[in-house]
Amino acid sequence: MARTLAMFTDVSLCIGCRACQVACKQWNQLAPEEPEWTGTYQNHHHFTDKSYRLVRFFEETDDKGQIKQWHMMSDVCKHCAQAGCLEACPTGAIYRTEYGTVNINQDICNGCRYCVSACPFGVVAFNHDTGTATKCTFCNDRIHNGLGPACAKACPTQSIKFGFRDDLAVVAKKRIDELKTLGYKDAQLYGEDSSGDLGGLNAFFLLLGKPSVYGLPEKPKLPQRNVVVDSLLSIGSALVVALGGLVAFRGRGGQGGA
Amino acid sequence: MEPGLLKSADWPALIDVYFFLGGIAGGAFVIATIANLLDGERYRDVVRIGYYIAFLAVTPGPILLTVDLGVPTRFLHMLMVSKPSLAIGMDAVTVGPFHLKPFSPMNAGAWALLGFSLFAFLAALDVFLEHRGGRSMRTLRVVVGVIGGFFAFFLAAYPGVLLGATARPLFVGAHWLGALFLAVGASTGGAAIALVLSVLGGQRGDALARLMRFTAFALIVQLAALALFVLTVSTTGSAGIARALAQLIAGSYGVPFWLGAVVIGIVVPLALQFAGVVRKTAPAITALMSLLILVGGFAVKYVIIAAGQAT
């Protein structure tokens with residue numbers, strides 16, 4: 001495997017211009033959509049089959065309901081090291097590339113939509129026109145030609161940085177120290193730790209507050225971790241039911257019950 | 001779609017119908033197998049109807065699943081692709097064009113559906129030939145019944161495990177859905193056999209009484225699994241999960257949950273059974289009880305999936 005590629009989004013630099021969202025649409029030739037009123041400048045509520053990039057806006061209010069701080073975060077597929085969508089996919093359409101990114105092979109996907117409900121970040125979307133699931137590929141065509149994703153290229157403030165994961169981790173940690181000395185006590189990295197949740201995220205973030213401020217799960221979990229326990233409980237239930245059957249149908253005459 | 005991070009697969013009721021029929025097929029097959037193992041002669045009607053129901057209930061499954069796909073012509077991709085990718089998940093096994101992903105319940109379920117369909121066909125064929133006066137192939141039937149029984153259990157339970165392996169708030173901390181779906185399969189499988197027996201006649205006496213006792217027992221397991229599911233989800237803690245659970249038991253799904261899944265599907269049939277109303281001589285009551293169990297069995301799967309997908 002080649003060195004893992006990653007994206008580091010520093011929300012402290014984001015100005016909410018949505019150039020990334022536009023660049024993504026242009027490069028990936030994603031059709032326009034009806035705008036949605038979300039109550040903020042954010043459009044849309046969710047990632048869609050035509051929006052792989054989504055700048056999220058959050059208004060943090062104080063006790064009196066006054067806006068305390070305005071948060072902006074350019075959100076994207078996390079390309080998780082342990083990816084719920086990839087594990088869920090029954091067809092093998094979702095695969096990991098040599099760069100550690102997660103892609104959906106559009107020629108294999110049969111549109112079962114299991115990945116849509118298995119993503120802990122609500123990234124994968126179903127395209128009703130093609131009948132397949134779609135999401136950000138980190139601009140697979142561009143990165144295989146050394147160009148880097150369109151969103152990172154377009155970002156005017158370098159809030160979105162793209163490169164090798166180990167290099168970006170160093171940059172991110174330096175930036176955290178910088179922000180802490182500037183007084184941003186709650187500044188923290190989300191998904192950078194490759195020994196952490198989901199084996200680390202290949203799109204990781206620098207947040208200025210708790211993940212919940214940005215609508216992100218504090219401890220994202222790989223849904224397939226449930227399979228072993230759920231299966232064991234099912235087997236237990238099967239044994240109880242089978243035993244009940246043996247007792248109910250055993251013996252002579254009218255008696256003998258469960 | 002409501003604000004929030006997660007998205008839903010938005011599976012239509014078609015999928016619920018498949019899960020329901022798959023449960024009946026698995027349950028009926030296992031009951032027929034157990035009855036056949038203990039006394040194939042005495043329970044001949046239970047065995048025959050059980051294997052017929054298993055075959056008939058599983059047959060629409062692949063069609064329902066295929067119709068729901070975004071690209072129905074690619075239904076075989078569930079099992080095989082001509083040029084598989086290399087890195088497709090934990091412990092994935094690729095043999096030629098075929099792939100098995102043990103951590104993808106949908107993939108494992110597709111294999112189980114294929115395997116079960118084969119054994120359900122063989123079992124139904126065997127009882128059909130015997131009924132038509134052919135020679136009974138006892139050993140073959142036992143082998144088909146036992147191996148098929150494992151597939152049958154898998155088919156009944158895997159939809160619950162499949163839901164549990166999503167990020168939906170109602171399912172992600174659940175754990176008991178596979179056990180619940182298996183018990184529903186057993187109770188609805190038993191009810192389906194009992195319904196046919198009580199309507200068509202046949203062995204109404206001892207065999208039907210025993211079948212109803214087993215079905216009542218499966219209902220108790222179902223009730224326990226349902227209670228454990230609600231309890232486990234309610235103790236998981238996060239606000240989103242609490243909201244999803246409230247939607248199921250008190251919100252817009254509260255009435256079908258309590259009335260359909262609990263009262264009609266479990267409490268009334270159990271009360272009828274324990275009150276001793278179900279006599280050997282009252283096939284109408286048995287038929288009614290079986291119908292209630294079937295309605296409740298569909299309701300419990302439908303309402304859990306609907307609430308889980310909506311919240």
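Predicted model: local features only at pLDDT ≥ 70, side-chain atom pairs only at ≥ 80, totals over all residues.

How many bridges join E1(A) to strand E10 of chain A, and do the two run parallel or antiparallel? There are 4 bridges between E1(A) and E10(A), which spans residues 203–207, and the two strands run parallel. One of the pairings involves Thr9(A), whose bridge partner in E10(A) is Phe205(A).

The predictor assigns the complex an ipTM of 0.95 and a pTM of 0.94. For chain B, the average pLDDT is 92, and 96% of the residues score at least 70.

Let us return to E1(A). This strand covers residues 5–10 of chain A, and 6 of its 6 residues are buried, so the rest of the structure largely encloses it. Leu5(A), Met7(A) and Thr9(A) point one way from the strand, while Ala6(A), Phe8(A) and Asp10(A) point the other way. The residues on both of these sides are buried.

E1(A) also pairs with strand E8 of chain A, residues 160–164. Here 5 bridges join the two strands, and they run antiparallel. Within this pairing, Met7(A) stands opposite Phe162(A) of E8(A).

I turn now to chain B and to a pair of helices. H10(B) comprises residues 254–274, and H11(B) comprises residues 283–310. Their axes lie 8 Å apart, and the helices pack at an angle of about 150 degrees. Angles over 145 degrees count as roughly antiparallel, and H10(B) and H11(B) are therefore roughly antiparallel to each other. The crossing of H10(B) past H11(B) is left-handed.

Which residues meet where these helices pack? From H10(B) they include Phe257(B), Gly260(B), Ala261(B), Ile264(B) and Leu272(B). From H11(B) they include Met289(B), Leu292(B), Gly296(B), Ala299(B) and Val303(B).

My last stop is helix H9 of chain B, which contains Gly240(B). Is Gly240(B) buried or partly exposed? Gly240(B) has 18 C-beta neighbours inside 10 Å, and it therefore counts as partly exposed; a buried residue would need 20 or more. The C-alpha atom of Gly240(B) is separated by 9.5 Å from that of Arg168(B), although these residues are 72 apart along the chain.

Finally, a word on confidence within chain B. It is lowest in helix H9(B), residues 239–249, at a mean of 90, and highest in helix H1(B), residues 13–39, at 97.

Conventions. Residues numbered from 1 in each chain as written. Chains lettered and ligands numbered in written order. pLDDT = per-residue confidence, 0-100. Buried ≥ 20, exposed ≤ 12 C-beta atoms within 10 Å, placed from the backbone. Pairing = 2+ DSSP bridges. Axes fitted to C-alpha atoms, helices over the stretch in contact; angles between N-to-C directions. Parallel < 35°, antiparallel > 145°, perpendicular 65-115°, else oblique. Left-handed = near helix turned anticlockwise from the far one by under 90°. Contact = placed C-beta atoms within 7 Å.
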